[in-house]
Amino acid sequence: MSAVPNEAPGVTGDAAVERADPEALMRWIHEQYRAPLLRFLTRLVLGRQELAEDLVQETFLRTWRNLSTLAEDPRRIAPWLYTVARHVAIDAMRARQARPPEVVIPDLNRLASADDEMDRVVSTHTVRLALQQIKPEHREVLVEMYYKGSSVAEAAQRLGIPEGTVKSRTYYAVRALHAAIGPTESS
C-alpha cells in the first residue's frame, strides 16, 4: 500500500477526471485502506472485531460523502481517513457511555422469603404423611428414585426387581402419592 498516493490507479491526476469517476476512486480507497483501518480501529476499540468492522463502514460512508473534496488532493486521503476513523471510534465509545447500562430486574415474585421456608416445611410434612398412605412397594421405589437419586438400573438392583417393574411402579406410585396428598392450590 502506498501511504499517500499522488494518484489512484485508474484515476488520472486530472481533478476533472477524478471528480467524473468517483466510484473508481472510492474502490481504490477501499482496496488500499480497508485492512489498515480495520487494524487501527480494532486497536482503538480494544479488540472488539465486530465493532471495528462497523466503524470502518461508517468511515467509508463519510468518505463517500466527502469524496469530491478528497479527490482534489489525493495526498490528503490517508490522514483524513485516519482522523475520521478515530473520531468515529470516539463517537461510538461516547454513545455507549451516554446510554445507561442494561440492568436485569429480578422477578420480585421469585425472591426468597420467610414464607418459602414455611412452605418447604409444610410440603415436606405433607409428602411424609402421604408416603405412609401408599403401598410399601410404591413407597420403596419412590424413596430409591427421588430421595436417594438412584437411576432405574440402580433402583432395580437394590430392590431386586426388573427395571421395567421399577418404571411401572414409579408411575403408579407417583399417581398414588398425588391421590394421597389431595388437591392443592396449583392444581
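This is a predicted model: local features need pLDDT of at least 70, side-chain atom pairs count only at pLDDT 80 or more; totals for chains, interfaces and linings use all residues.
Trainee: How do helix 8 and helix 9 pack, and at what angle?
Mentor: Helix 8, which covers residues 152–159, packs with helix 9, residues 163–181, at an angle of about 105 degrees, and their axes are 8 Å apart. That angle makes helix 8 roughly perpendicular to helix 9, because angles of 65 to 115 degrees count as roughly perpendicular.

Trainee: Which residues meet there?
Mentor: From helix 8 there are Val152, Ala153, Ala155 and Ala156, and they meet Glu163, Val166 and Lys167 in helix 9. The residues of this contact divide into 5 nonpolar and 2 charged, with no polar ones.

Trainee: New topic, how many salt bridges does the structure hold?
Mentor: The structure holds 4 salt bridges. One of them links Arg62 with Glu58, whose closest N and O atoms are 2.9 Å apart. Both residues lie in helix 3 (residues 49–65), 4 residues apart, which is about one turn of the helix.

Trainee: And what about Arg158, which residue does its side chain meet?
Mentor: The side chain of Arg158 meets that of Glu144 in a salt bridge, at 3.1 Å from N to O. Arg158 lies in helix 8 and Glu144 in helix 7 (residues 136–147), so the pair ties together parts that are 14 residues apart in sequence. Salt bridges that share partners also join Glu144, Lys148 and Arg158 into one network.

Trainee: Is Glu144 buried or exposed?
Mentor: Glu144 is buried, because its relative accessible area is 6%, whereas Arg158 counts as exposed at 53% relative accessibility.

Key. Residues are numbered from 1 along each chain as its sequence is written. Side-chain values use heavy atoms; hydrogens and water are left out. Axes are lines fitted to C-alpha atoms, for helices over the stretch in contact, and angles run from 0 to 180 degrees between N-to-C directions. Helices (H or I, at least four residues) and strands (E, at least two) are DSSP runs, numbered from the N terminus. Angles under 35 degrees count as roughly parallel, over 145 as roughly antiparallel, 65 to 115 as roughly perpendicular and the rest as oblique. Contact means heavy atoms within 4.5 Å. Ala, Val, Leu, Ile, Met, Phe, Trp, Tyr, Cys and Pro count as nonpolar, Asp, Glu, Lys and Arg as charged, and the others, Gly among them, as polar. Buried means under 20% relative accessible area, exposed over 50%, partly exposed in between (1.4 Å probe, protein chains only).
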